Amino acid sequence: MRGAQGEGGGQVLRTSLSLSASLGKPMLIKNIRQGRKKPGLMRQHLACINAMAEVCDAWVKGAVIGSQIIEFIPGGIKAGDYHFVIESAGSSTLVFQTVLPVLLLTGKPSRLILEGGTHNPMAPSFDFIRYCFLPVLRQMGAEFDAEIERYGFYPAGGGRWTITIKPAANYRRIEMDSQTQLLDRRAKCIASRIPSHVLVREKRQLLKRLNWPDESITLETVESPGPGNIISLQMNYQNVTEIFESIGARGISAEQVADRVVDELHQYQAIGAPVGRYLADQLLLPLSQGAGGSFVTGPLSEHSRTNIAVIRQFLDLDIELLEIEPGRLWRVVVNV
(Lines give C-alpha, C1' and ligand atoms only; values in the text may rest on other atoms or scores of the structure.)
Protein backbone atom coordinates (compact mmCIF):
# COMPACT_ATOMS: atom_id res chain seq x y z
CA MET A 1 0.00 0.00 0.00
CA ARG A 2 1.32 3.43 -0.94
CA GLY A 3 0.62 6.15 1.63
CA ALA A 4 1.34 8.86 -0.94
CA GLN A 5 -1.46 7.92 -3.34
CA GLY A 6 -4.35 10.28 -4.00
CA GLU A 7 -4.43 13.25 -1.66
CA GLY A 8 -1.34 11.89 0.07
CA GLY A 9 -2.43 12.61 3.64
CA GLY A 10 -3.63 10.64 6.65
CA GLN A 11 -6.78 9.42 4.87
CA VAL A 12 -4.95 6.49 3.26
CA LEU A 13 -3.54 5.41 6.61
CA ARG A 14 -6.84 5.62 8.53
CA THR A 15 -8.94 3.81 5.92
CA SER A 16 -6.26 1.14 5.48
CA LEU A 17 -6.11 0.53 9.22
CA SER A 18 -9.89 0.16 9.42
CA LEU A 19 -10.04 -2.32 6.55
CA SER A 20 -6.94 -4.27 7.59
CA ALA A 21 -8.40 -4.84 11.05
CA SER A 22 -11.92 -5.55 9.75
CA LEU A 23 -10.69 -8.21 7.31
CA GLY A 24 -7.90 -9.61 9.50
CA LYS A 25 -5.54 -8.80 6.62
CA PRO A 26 -1.89 -7.82 7.32
CA MET A 27 -0.81 -4.51 5.84
CA LEU A 28 2.45 -2.83 4.91
CA ILE A 29 2.08 0.87 4.10
CA LYS A 30 4.93 3.00 2.78
CA ASN A 31 5.49 6.69 2.01
CA ILE A 32 3.02 7.74 4.72
CA ARG A 33 1.87 11.33 4.21
CA GLN A 34 4.57 11.88 1.61
CA GLY A 35 2.31 14.47 0.01
CA ARG A 36 2.40 16.69 3.10
CA LYS A 37 4.81 19.47 4.13
CA LYS A 38 5.86 17.37 7.14
CA PRO A 39 5.72 13.75 5.91
CA GLY A 40 5.42 10.74 8.18
CA LEU A 41 3.33 10.00 11.24
CA MET A 42 2.23 12.82 13.52
CA ARG A 43 0.72 12.40 16.98
CA GLN A 44 -2.87 11.97 15.85
CA HIS A 45 -1.87 9.37 13.23
CA LEU A 46 0.13 7.47 15.83
CA ALA A 47 -2.94 7.65 18.12
CA CYS A 48 -5.05 6.07 15.34
CA ILE A 49 -2.55 3.22 14.95
CA ASN A 50 -2.31 2.56 18.68
CA ALA A 51 -6.08 2.70 19.13
CA MET A 52 -6.67 0.24 16.31
CA ALA A 53 -3.93 -2.04 17.60
CA GLU A 54 -5.71 -2.16 20.97
CA VAL A 55 -9.08 -2.94 19.40
CA CYS A 56 -7.75 -5.85 17.34
CA ASP A 57 -4.68 -7.03 19.30
CA ALA A 58 -2.39 -6.13 16.40
CA TRP A 59 1.35 -6.51 16.07
CA VAL A 60 2.79 -3.22 14.79
CA LYS A 61 6.22 -2.18 13.56
CA GLY A 62 7.26 1.40 12.75
CA ALA A 63 4.69 3.21 14.91
CA VAL A 64 6.81 6.22 15.92
CA ILE A 65 6.57 9.94 15.22
CA GLY A 66 7.95 10.76 11.77
CA SER A 67 7.88 7.19 10.48
CA GLN A 68 6.90 6.83 6.82
CA ILE A 69 6.44 3.07 6.90
CA ILE A 70 4.49 0.75 9.19
CA GLU A 71 3.71 -2.93 9.25
CA PHE A 72 0.36 -3.83 10.80
CA ILE A 73 -0.70 -7.43 11.50
CA PRO A 74 -4.20 -7.51 13.07
CA GLY A 75 -5.51 -10.11 15.48
CA GLY A 76 -9.12 -10.66 16.50
CA ILE A 77 -11.37 -7.60 16.84
CA LYS A 78 -13.20 -7.18 20.11
CA ALA A 79 -15.90 -4.94 21.54
CA GLY A 80 -15.36 -3.38 24.97
CA ASP A 81 -14.61 -0.25 26.96
CA TYR A 82 -11.76 1.82 25.54
CA HIS A 83 -10.02 5.02 26.59
CA PHE A 84 -7.99 6.77 23.89
CA VAL A 85 -5.90 9.85 24.69
CA ILE A 86 -4.39 12.03 21.95
CA GLU A 87 -1.70 14.34 23.25
CA SER A 88 -1.92 18.04 22.37
CA ALA A 89 -4.77 18.97 20.02
CA GLY A 90 -4.63 15.91 17.78
CA SER A 91 -8.11 15.12 16.52
CA SER A 92 -10.01 12.69 18.74
CA THR A 93 -12.79 12.48 16.14
CA LEU A 94 -10.42 11.07 13.50
CA VAL A 95 -9.33 8.39 15.98
CA PHE A 96 -13.01 7.61 16.56
CA GLN A 97 -13.72 7.33 12.85
CA THR A 98 -10.77 4.96 12.44
CA VAL A 99 -11.92 2.42 15.04
CA LEU A 100 -15.69 2.80 14.46
CA PRO A 101 -15.99 0.58 11.34
CA VAL A 102 -14.28 -2.26 13.20
CA LEU A 103 -16.41 -1.93 16.33
CA LEU A 104 -19.56 -1.94 14.19
CA LEU A 105 -18.61 -5.44 13.03
CA THR A 106 -18.30 -6.98 16.51
CA GLY A 107 -22.04 -7.45 17.08
CA LYS A 108 -21.62 -6.25 20.67
CA PRO A 109 -21.81 -2.81 22.34
CA SER A 110 -18.68 -0.75 23.04
CA ARG A 111 -18.05 2.40 25.04
CA LEU A 112 -15.29 4.87 24.19
CA ILE A 113 -13.75 7.74 26.12
CA LEU A 114 -11.76 10.01 23.83
CA GLU A 115 -9.47 12.86 24.87
CA GLY A 116 -7.73 15.39 22.65
CA GLY A 117 -8.91 17.91 20.08
CA THR A 118 -12.67 18.09 19.59
CA HIS A 119 -12.96 21.16 17.33
CA ASN A 120 -9.93 21.25 15.02
CA PRO A 121 -9.21 22.71 11.60
CA MET A 122 -9.05 20.00 8.91
CA ALA A 123 -11.02 17.42 10.93
CA PRO A 124 -14.69 16.75 11.69
CA SER A 125 -15.78 18.37 14.94
CA PHE A 126 -17.63 16.61 17.74
CA ASP A 127 -20.77 18.48 16.61
CA PHE A 128 -20.35 17.17 13.07
CA ILE A 129 -19.99 13.61 14.37
CA ARG A 130 -22.98 13.87 16.70
CA TYR A 131 -25.46 15.75 14.54
CA CYS A 132 -24.47 14.90 10.96
CA PHE A 133 -22.49 11.64 10.73
CA LEU A 134 -24.09 9.45 13.42
CA PRO A 135 -27.73 10.09 12.37
CA VAL A 136 -26.99 8.58 8.95
CA LEU A 137 -25.45 5.51 10.58
CA ARG A 138 -28.61 5.23 12.67
CA GLN A 139 -30.55 4.97 9.41
CA MET A 140 -28.33 1.97 8.65
CA GLY A 141 -29.42 0.36 11.94
CA ALA A 142 -26.68 1.16 14.48
CA GLU A 143 -27.33 3.07 17.72
CA PHE A 144 -25.17 5.66 19.46
CA ASP A 145 -25.16 7.93 22.50
CA ALA A 146 -22.51 10.66 22.38
CA GLU A 147 -21.86 13.40 24.97
CA ILE A 148 -19.13 16.01 25.24
CA GLU A 149 -17.67 16.69 28.68
CA ARG A 150 -15.01 19.26 27.78
CA TYR A 151 -14.16 21.10 24.58
CA GLY A 152 -10.66 20.83 23.13
CA PHE A 153 -9.69 23.64 20.75
CA TYR A 154 -6.47 23.86 18.74
CA PRO A 155 -3.66 24.20 19.83
CA ALA A 156 -4.26 23.32 23.51
CA GLY A 157 -6.54 20.33 22.96
CA GLY A 158 -7.53 18.60 26.18
CA GLY A 159 -11.15 17.92 25.22
CA ARG A 160 -13.03 14.86 26.41
CA TRP A 161 -16.12 13.07 25.12
CA THR A 162 -17.79 9.70 25.40
CA ILE A 163 -19.77 7.53 23.05
CA THR A 164 -21.54 4.20 23.31
CA ILE A 165 -21.80 2.14 20.12
CA LYS A 166 -24.43 -0.53 19.53
CA PRO A 167 -23.97 -2.34 16.21
CA ALA A 168 -27.00 -3.34 14.15
CA ALA A 169 -28.15 -6.94 14.03
CA ASN A 170 -28.75 -6.48 10.29
CA TYR A 171 -27.58 -3.39 8.43
CA ARG A 172 -29.97 -1.59 6.10
CA ARG A 173 -29.17 -0.10 2.73
CA ILE A 174 -29.66 3.68 2.64
CA GLU A 175 -30.60 5.98 -0.23
CA MET A 176 -30.08 9.74 -0.13
CA ASP A 177 -30.61 10.73 -3.72
CA SER A 178 -32.53 14.00 -3.37
CA GLN A 179 -32.65 16.97 -1.04
CA THR A 180 -35.80 16.78 1.07
CA GLN A 181 -37.78 19.42 2.97
CA LEU A 182 -35.87 21.70 5.34
CA LEU A 183 -37.33 21.16 8.82
CA ASP A 184 -35.19 23.46 10.95
CA ARG A 185 -32.11 25.66 10.86
CA ARG A 186 -30.00 26.98 13.68
CA ALA A 187 -26.57 28.33 14.49
CA LYS A 188 -24.25 28.37 17.50
CA CYS A 189 -21.37 30.75 18.18
CA ILE A 190 -19.18 28.93 20.70
CA ALA A 191 -16.16 30.28 22.56
CA SER A 192 -13.82 29.60 25.43
CA ARG A 193 -11.47 32.11 27.07
CA ILE A 194 -11.93 34.89 24.51
CA PRO A 195 -13.67 38.29 24.86
CA SER A 196 -17.47 38.08 24.83
CA HIS A 197 -17.78 40.77 22.15
CA VAL A 198 -16.39 38.30 19.60
CA LEU A 199 -19.51 36.13 19.82
CA VAL A 200 -21.77 39.18 19.67
CA ARG A 201 -20.07 40.38 16.49
CA GLU A 202 -20.24 36.91 14.93
CA LYS A 203 -23.97 36.72 15.58
CA ARG A 204 -24.50 40.21 14.19
CA GLN A 205 -22.72 39.23 10.98
CA LEU A 206 -24.67 35.98 10.69
CA LEU A 207 -27.96 37.84 11.06
CA LYS A 208 -26.84 40.30 8.41
CA ARG A 209 -25.86 37.58 5.92
CA LEU A 210 -28.49 34.92 6.61
CA ASN A 211 -31.59 36.91 7.47
CA TRP A 212 -32.59 34.26 10.02
CA PRO A 213 -34.69 34.92 13.15
CA ASP A 214 -32.66 36.23 16.09
CA GLU A 215 -33.63 33.26 18.28
CA SER A 216 -32.21 30.77 15.78
CA ILE A 217 -28.64 31.91 16.56
CA THR A 218 -27.36 31.26 20.08
CA LEU A 219 -24.17 32.24 21.90
CA GLU A 220 -22.44 29.70 24.10
CA THR A 221 -19.42 29.97 26.41
CA VAL A 222 -17.79 26.61 27.19
CA GLU A 223 -15.01 25.20 29.36
CA SER A 224 -11.77 24.30 27.60
CA PRO A 225 -8.08 24.09 28.59
CA GLY A 226 -7.25 26.74 26.01
CA PRO A 227 -8.90 29.59 24.10
CA GLY A 228 -11.00 28.77 21.08
CA ASN A 229 -13.96 29.79 18.94
CA ILE A 230 -16.18 28.08 16.38
CA ILE A 231 -19.40 28.89 14.53
CA SER A 232 -21.59 25.92 13.70
CA LEU A 233 -24.57 26.12 11.32
CA GLN A 234 -27.00 23.20 11.43
CA MET A 235 -29.47 22.50 8.62
CA ASN A 236 -32.00 19.78 9.47
CA TYR A 237 -33.64 18.12 6.46
CA GLN A 238 -35.99 15.12 6.52
CA ASN A 239 -33.28 12.67 5.50
CA VAL A 240 -30.04 14.33 6.57
CA THR A 241 -28.60 17.02 8.84
CA GLU A 242 -25.70 18.98 7.43
CA ILE A 243 -23.25 20.94 9.58
CA PHE A 244 -21.15 23.88 8.36
CA GLU A 245 -18.38 25.26 10.55
CA SER A 246 -15.80 28.00 10.74
CA ILE A 247 -13.07 28.10 13.38
CA GLY A 248 -11.77 31.38 14.72
CA ALA A 249 -8.03 32.04 14.81
CA ARG A 250 -5.63 34.82 15.68
CA GLY A 251 -5.61 37.50 12.99
CA ILE A 252 -9.07 36.60 11.63
CA SER A 253 -11.90 38.95 12.55
CA ALA A 254 -15.22 37.78 13.96
CA GLU A 255 -16.89 38.99 10.78
CA GLN A 256 -14.53 36.95 8.61
CA VAL A 257 -15.23 33.82 10.67
CA ALA A 258 -18.97 34.35 10.14
CA ASP A 259 -18.57 35.11 6.44
CA ARG A 260 -16.60 31.92 5.80
CA VAL A 261 -19.28 29.65 7.22
CA VAL A 262 -22.09 31.48 5.43
CA ASP A 263 -20.22 31.21 2.14
CA GLU A 264 -19.84 27.46 2.67
CA LEU A 265 -23.56 27.11 3.40
CA HIS A 266 -24.45 29.07 0.27
CA GLN A 267 -22.19 26.85 -1.85
CA TYR A 268 -23.98 23.76 -0.52
CA GLN A 269 -27.40 25.29 -1.20
CA ALA A 270 -26.41 26.33 -4.71
CA ILE A 271 -25.42 22.76 -5.61
CA GLY A 272 -28.67 21.31 -4.23
CA ALA A 273 -27.29 17.88 -3.32
CA PRO A 274 -28.41 16.27 -0.04
CA VAL A 275 -24.93 15.12 1.01
CA GLY A 276 -22.15 17.68 1.52
CA ARG A 277 -18.54 17.06 0.58
CA TYR A 278 -17.34 16.09 4.07
CA LEU A 279 -20.18 13.69 4.80
CA ALA A 280 -19.72 12.14 1.33
CA ASP A 281 -16.14 11.23 2.21
CA GLN A 282 -17.04 9.80 5.59
CA LEU A 283 -19.98 7.64 4.45
CA LEU A 284 -17.97 5.60 1.96
CA LEU A 285 -16.44 3.12 4.41
CA PRO A 286 -19.58 2.48 6.55
CA LEU A 287 -21.65 1.89 3.40
CA SER A 288 -18.98 -0.45 2.02
CA GLN A 289 -18.96 -2.55 5.19
CA GLY A 290 -22.71 -2.36 5.74
CA ALA A 291 -25.49 -3.07 3.25
CA GLY A 292 -24.40 -0.48 0.71
CA GLY A 293 -26.49 2.40 -0.59
CA SER A 294 -26.35 5.51 -2.72
CA PHE A 295 -26.19 9.26 -2.28
CA VAL A 296 -26.02 12.37 -4.39
CA THR A 297 -23.33 14.93 -3.65
CA GLY A 298 -21.45 17.79 -5.29
CA PRO A 299 -18.07 17.57 -7.03
CA LEU A 300 -16.09 14.74 -5.46
CA SER A 301 -13.17 15.86 -3.31
CA GLU A 302 -9.71 14.35 -3.61
CA HIS A 303 -10.31 12.90 -0.13
CA SER A 304 -13.35 11.00 -1.42
CA ARG A 305 -11.56 9.74 -4.52
CA THR A 306 -8.63 8.58 -2.41
CA ASN A 307 -10.95 6.82 0.00
CA ILE A 308 -12.68 5.01 -2.87
CA ALA A 309 -9.32 3.91 -4.31
CA VAL A 310 -8.21 2.44 -0.95
CA ILE A 311 -11.54 0.68 -0.37
CA ARG A 312 -11.35 -0.90 -3.82
CA GLN A 313 -7.89 -2.30 -3.00
CA PHE A 314 -9.23 -4.13 0.05
CA LEU A 315 -12.84 -5.04 -0.82
CA ASP A 316 -14.30 -6.81 -3.83
CA LEU A 317 -17.26 -4.52 -4.39
CA ASP A 318 -18.61 -2.11 -6.95
CA ILE A 319 -18.51 1.63 -6.25
CA GLU A 320 -20.13 3.52 -9.12
CA LEU A 321 -19.46 7.20 -9.71
CA LEU A 322 -22.15 8.67 -11.95
CA GLU A 323 -21.95 12.29 -13.08
CA ILE A 324 -25.54 13.56 -13.10
CA GLU A 325 -24.79 17.17 -14.02
CA PRO A 326 -21.33 17.96 -15.41
CA GLY A 327 -19.21 19.77 -12.84
CA ARG A 328 -22.05 19.92 -10.32
CA LEU A 329 -23.81 16.72 -9.20
CA TRP A 330 -22.56 13.16 -8.72
CA ARG A 331 -24.33 9.98 -7.61
CA VAL A 332 -22.21 7.55 -5.63
CA VAL A 333 -23.55 3.99 -5.55
CA VAL A 334 -22.00 1.39 -3.25
CA ASN A 335 -23.08 -2.16 -4.19
CA VAL A 336 -22.07 -4.88 -1.73
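At 17% relative accessibility, Glu 115 counts as buried (buried is under 20% relative accessible area, exposed over 50%, partly exposed in between, with a 1.4 Å probe and protein chains only). This is a predicted model, so local features need pLDDT of at least 70 and side-chain atom pairs count only at pLDDT 80 or more, while totals for chains, interfaces and linings use all residues. Residues are numbered from 1 along each chain as its sequence is written, and side-chain values use heavy atoms, with hydrogens and water left out.

**Glu 115 and its partners**
- Glu 115 forms a salt bridge (a side-chain nitrogen of Lys or Arg within 4 Å of a carboxyl oxygen of Asp or Glu) with Arg 160, with the closest N and O atoms 3.1 Å apart.
- Glu 115 sits in strand 5 (residues 110-116) and Arg 160 in strand 7 (residues 159-166), so this pair ties together parts 45 residues apart in sequence; helices (H or I, at least four residues) and strands (E, at least two) are DSSP runs, numbered from the N terminus.
- A network of salt bridges links Glu 115, Glu 149, Arg 150 and Arg 160.

**Helix to helix**
- Asp 263 pairs up with Arg 209 in a salt bridge, the closest N and O atoms being 2.8 Å apart.
- That links distant parts of the chain, 54 residues apart: helix 6 (residues 254-271) holds Asp 263, and helix 5 (residues 196-210) holds Arg 209.
- Asp 263 counts as partly exposed at 35% relative accessibility, and so does Arg 209 at 28%.

- Asp 57 makes a salt bridge with Lys 78, where the closest N and O atoms are 3.1 Å apart.
- Lys 78 is partly exposed, at 30% relative accessibility.
- Overall, the structure holds 15 salt bridges.
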